[in-house]
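Subject: Structure for you to look at

Dear colleague,

I am handing over the structure that I mentioned, and below it I have written down what was found. Please keep it open while you read, so that you can follow each point on the screen.

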Amino acid sequence: MEEEISPRQYLHGNGTSTNIPSTTAPPPQILLQLLHAENTPLEATGLSLNSFARGAVGMSTLFLGPALLVLAKEAAAANSAVNNNDDDEGRVYGMRPTSLLTNIGIFSNLFSILLLPLFGAIVDHTPHRKAVGQISAILLSFIKGVEVFVSRSTWFLVAVLQVVNFVLYNAHLCAVYAYTAELSTNSIEQTTYNSKFQGINYISMLLFLVILILLSTMLQTDDIGTAQISQTMAFLTCTTVFGLSWKFFFRPRPALTKVPEHSTLLASGFQKLTSTFYHIRSNRQWYALRYFLLSIMLSEGATAALSTISTTYLTHVLEMNAHQIGKAFLCVFIAGIPGSKLGGWVGVAINPLRSALVCLVLFVVNTTLAAVFMKSPETSSWVIYLFCAIWGVCLGWLHPTHAALYCTIIPRGQESELMGVYIFSGALLAWLPPFVFTLLNELGASMSIGLASLNLFFAGGFVFLLCIGDYRDAVGSDFARAREDDVDDAVNSRDDSRKIEKRSLCAVAVQHLPEIT
């Protein structure tokens, strides 16, 4: 039986702390010195390492997509030759090969939605938080190792593993966010930690992207070879970094709460979500919260599907290879930096609600123009990269603006519960945009129409945000004013040596984002 350990016992201490359960081996001193982590909380160091490994997992998937599309097209062409099928693309496993990535997106998101409440309940109501994070990390590393062997004979297995990979990744995030939320009870420290982890994750993805582009250029690999290199890099990174972080830097945690009476572990997560959604729907004072959640169900679903749909579009319509697609996504990543700065500036200038509305309009305009002007392989590369860069600006702008807006309209004292609803709402309809794209593709519609179908969701998100009305009315209640006062106090009491930028309560938004469970 593990001892009951409060969250505060985990806030400080190195590997020699007496609060570490005996099941956790203290990290070697030389490792702490190499990481400059002698005076850093163990979990903070572990989360930094974990953020780096997660970047490799996410970015390696990007380069697997073009290879899977090429291999699926070859298999479909072979099937057409055998069956004398007149279909231009042919079919494989009953679908057009160009529907493969979006079908992966559909099943990945559906399974994740069904299992996320269960993962959250395990992390909350059992002492198996570390096991969830550790086992999911091991399995993610194993999947990357299997995907190294992507080929004509294994591509469908790898495609199925992509669904498993996505579900495991979300389970992993449940454990990671729970550890992150306990690092500090101080909002400024928590904001600093989150910014650090997000920065490490971004640097990891950018490094992975640049190194892979260089390697694929030097070795002159095709899409399959590039995918194999990417999975090899991810496998080596994950086995090393995940291994170190989960062996030495994460300590077991007791159950935070007991399973509610007259409930079970399997049902408790769903019951909690159902109860919260019902309360939001029935409370008239929470009208802004209702419309906001409806908005992000559509707009966040569209942004989640953008990478999958755009990869299919760039590969099939513009006939770009993995190397060229990597450059396109490099533009997205680089443009996301000024995008986040622009979003913060606009949010302060005209408020987060109007900022989100402007961003969604830009999303619709850019996606429409991309579908109109990017219609053939003859499209100029600078035009493609320009549209990708504008998407990057929008992505860097929208997500932190949504978080800031949400945290100004939620009731005070219920941040943890309602941040879980926020993240779940953003994922709830993430399967729908790829489903619409797949449906249009299977019906024989132009892929330009499929790309433009994302505008249905961006426009829907825009309409629901408009229903909120005046931003001042939405945050005009006592709890919203109190929240603004908290942030004002934090800004006014800062040290001269540590400046805190006041970005429409973004500090509060970042503080509570990790509280998924």
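Where is Gln-220 found, in terms of the helices around it? Gln-220 lies in the loop that runs between helix H6 (187-219) and helix H7 (223-248). Please bear in mind throughout that this is a predicted model.

Most residues other than glycine have a negative phi. Gln-220 is not a glycine, and yet its phi is positive, at about 55°. Its relative accessibility is 71%, and because the cut-off for exposed is over 50%, Gln-220 counts as exposed. Glu-319 also has a positive phi of about 55° without being a glycine, and its place is in the loop between helix H9 (287-316) and helix H10 (322-350). With a relative accessible area of 57%, Glu-319 is exposed.

Turning to the chain as a whole, you will find 19 helices and 0 strands. The chain has 517 residues, of which 54% count as buried, and its accessible surface comes to about 22,600 Å², with 63% of that belonging to carbon and sulfur atoms. If you take the contacts between residues at least 6 apart in sequence, 82% of them join residues that are at least 24 apart.

Helix H3 (residues 100-125) packs against helix H8 (residues 265-282) at an angle of about 110°, and their axes are 8 Å apart. Angles of 65 to 115 degrees count as roughly perpendicular, and H3 and H8 are therefore described in that way. Among the residues that make the contact are Leu-114, Leu-118 and Ile-122 of H3, together with Leu-266, Phe-270 and Leu-273 of H8. Leu-118, which sits in helix H3, touches Leu-265 and Leu-266 when residues up to four places away in sequence are not counted. Although Leu-118 and Leu-266 are 148 residues apart along the chain, their C-alpha atoms are separated by 5.9 Å.

Finally, please look at the surface, where Val-361, Val-365, Leu-369, Val-372 and Phe-373 form a nonpolar patch with about 420 Å² of accessible area together. Val-365 is found in helix H11 (residues 352-373), and with a relative accessible area of 42% it is partly exposed.

Key. Residues are numbered from 1 along each chain as its sequence is written. This is a predicted model: local features need pLDDT of at least 70, side-chain atom pairs count only at pLDDT 80 or more; totals for chains, interfaces and linings use all residues. Side-chain values use heavy atoms; hydrogens and water are left out. Patches are made of residues with over 30% relative accessible area and no salt bridge: like charges are joined within 9 Å, nonpolar side chains (Val, Leu, Ile, Met, Phe, Trp, Tyr) within 5 Å. Accessible areas come from the Shrake-Rupley method with a 1.4 Å probe; for residues, only the protein chains shown count as cover. A salt bridge is a side-chain nitrogen of Lys or Arg within 4 Å of a carboxyl oxygen of Asp or Glu. Helices (H or I, at least four residues) and strands (E, at least two) are DSSP runs, numbered from the N terminus. Buried means under 20% relative accessible area, exposed over 50%, partly exposed in between (1.4 Å probe, protein chains only). Axes are lines fitted to C-alpha atoms, for helices over the stretch in contact, and angles run from 0 to 180 degrees between N-to-C directions. Angles under 35 degrees count as roughly parallel, over 145 as roughly antiparallel, 65 to 115 as roughly perpendicular and the rest as oblique. Contact means heavy atoms within 4.5 Å.
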